[in-house]
Every structure is written in structure tokens, then in C-alpha cells.
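Dear colleague,

Please find the structure below, handed over for your work. My findings follow directly after it.

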Amino acid sequence: MSYLEIKNIAKRFEDNKVVLKDFSFSLEKGETISLIGNSGSGKTTFLRILNFLLPMDSGSIVLEGKELCNGSSLSYQEKQKLNSNFGLVFQNMNLFPQYTALDNILLPLKSKLKKEAKEQAKEEKKKWKLIYQERLDQEMTSLKELASTFLLTEKLNHYPNQLSGGEAQRVAILRALVLKPKILCFDEPTSALDPKLKQEVANTILHLKKVGTTMIVVTHEMELALAVSDKVIYLEKGSIIEVGDKSILLTPKSDKLKAFLSLRSTDDESKEEKRRAF
């Protein structure tokens, strides 16, 4: 049995528009899968469903052999519990401008630790604040190590407007990682970044891959997909058109994927011509 199994997920919006149709795939532990396709093909909708930010109409999510959800409605508490299995790095990073990089990283972690400390305190009849502080001190040690790995040690006390786009994205990645998700998801992690910063973020994802992080990457950047993917899925109008290892980006079988990649190539050439003319 695969580490993650997505079975026949379907989603329609209120206008009856089909966003996902019988969407299924499997992912092994430590693998990275890239979802590619035009805007509106259902990629981001799937990530939101997987992270329990959006309900599915039908289908199931199975992680480590355990069914997490089968399309039935879930309570807020159930969603929060299931959501802890996944981490999502948003396209626009969602950093709070009034907080430092460190504070942004710690916000969800502190919330999680406080909840866990209060539950533990009830069982052990201890003061939850003591348990919380002990756990936080432990997490800070690993956080500092991760910050060093991500070249963020000197940036932790900076505010978002003092960070480059690549640094801000790495802060967002670190914020998701400290919660120790089983699967880390990226929604267009390199969009709106210049080539140098794109390479910085790509290197971070490659490092995570090297240490065995299981990842799902939604991207329009074929170079990123080629660099990090074990498997690639091409989506069109909510349906899987082609799936395979990353070689399908170089030798696609379906006419639709060939057309998509041809269009991307033409767009890239056009951008390069405009850049040179400028």
C-alpha cells in the first residue's frame, strides 16, 4: 500500500462547474510529485482539499493505510486534527507584516504546543505553562538548526518587508516544517520570483527531497518540475490527462500535454525576447 492514496476525488463549485473529476493518484514516502496544468485545471483546489481547507464532494484520502476522509462532512475539530498531517506553503506566503520572521514561524507552532500542553496537563495534573515552555525550548533547538540550513539565521529578527522574495518563501517553508507534517505541499513556490530567487527556493526544495521529505508541488515552472519530481501529473479541466515520471516533460505521449508544453515553451521564448529588448 502506498504512503498516500488519493481515490476518486470529485469537486464542483456552486455554479456546477466541475473542478476535479475522479482525481486519483498514489505517492510513496519520500517521493515528490508535481501537478502541472493551466490555471483553473484544479491543482490548487486539490491542495486545499488535501489540507482540509475545502470540502470534497466525494472520494477519499488514505494516509499510511488509514482513511482520513471519505467525502463526509467533518467538524472543525476533526479538520484541525487531520490537517496536522499536511503542511501547505501558499503562493503569496501569507506572512504577517507586523511580526518578525521568527514570530511568523512560531505562531502556528505555539498554538499547537499550547493545545497539546493543556491536554497533557490534565492527564498528568501539572501546570500546562511549564509543559508548554519545556516543549517550546526543545522545538527552538531544532528550529535554529533548520534556520541555519535554510540560511535564515541572520534574518529571523527581520520583518517581511526587509526580506527578499526568496527569503520570505523560505520563512514560509520553515513555518510549515516546524509543525512536522507528514507531507509538505507547495502552491506555486517560485511564481513572482526572479530567476536567482527561483533557484534559491528550488535548492531548498531539493534539500528537503534529499533528507526524505514527502512533497506535492503545484507549479507552472517546468524547470522546477524537472529538477524535483519523481512523478508528474498533467491536469486539464479537473481530469488527469497524463501521469508518469518526469521524463514525460521531455517526451510527452498525449497530444494535450504536447500542446501544453509547446505553449509553455513559446511563452518562455516570448518572455526572453521581451527581456532582451528591454
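Six strands form an open sheet with mixed pairing, in the order β6-β7-β8-β3-β9-β10 (strands are DSSP E runs of at least two residues and helices H or I runs of at least four, numbered from the N terminus; two strands pair if DSSP finds at least two bridges between them). Because β6 (86-89) and β10 (239-244) stand at the edges with a single partner strand each, one side of each has no neighbour in the sheet. From one strand to the next, the twist averages 20°. β9 (residues 231-236) pairs with β10 in the antiparallel sense over 5 bridges, and Y234 has E242 in β10 as its bridge partner.

This is a predicted model, in which local features need pLDDT of at least 70, side-chain atom pairs count only at pLDDT 80 or more, and totals for chains, interfaces and linings use all residues. Residues are numbered from 1 along each chain as its sequence is written, and side-chain values use heavy atoms, with hydrogens and water left out.

N51 is located in the loop between α1 (43-50) and β4 (58-63). N51 counts as buried because its relative accessibility is 1% (buried is under 20% relative accessible area, exposed over 50%, partly exposed in between, with a 1.4 Å probe and protein chains only). Leaving aside residues up to four places away in sequence, N51 touches N83, F86, G87, L88 and C185 (contact means heavy atoms within 4.5 Å).

With kind regards

Key
Axes fitted to C-alpha atoms, helices over the stretch in contact; angles between N-to-C directions.
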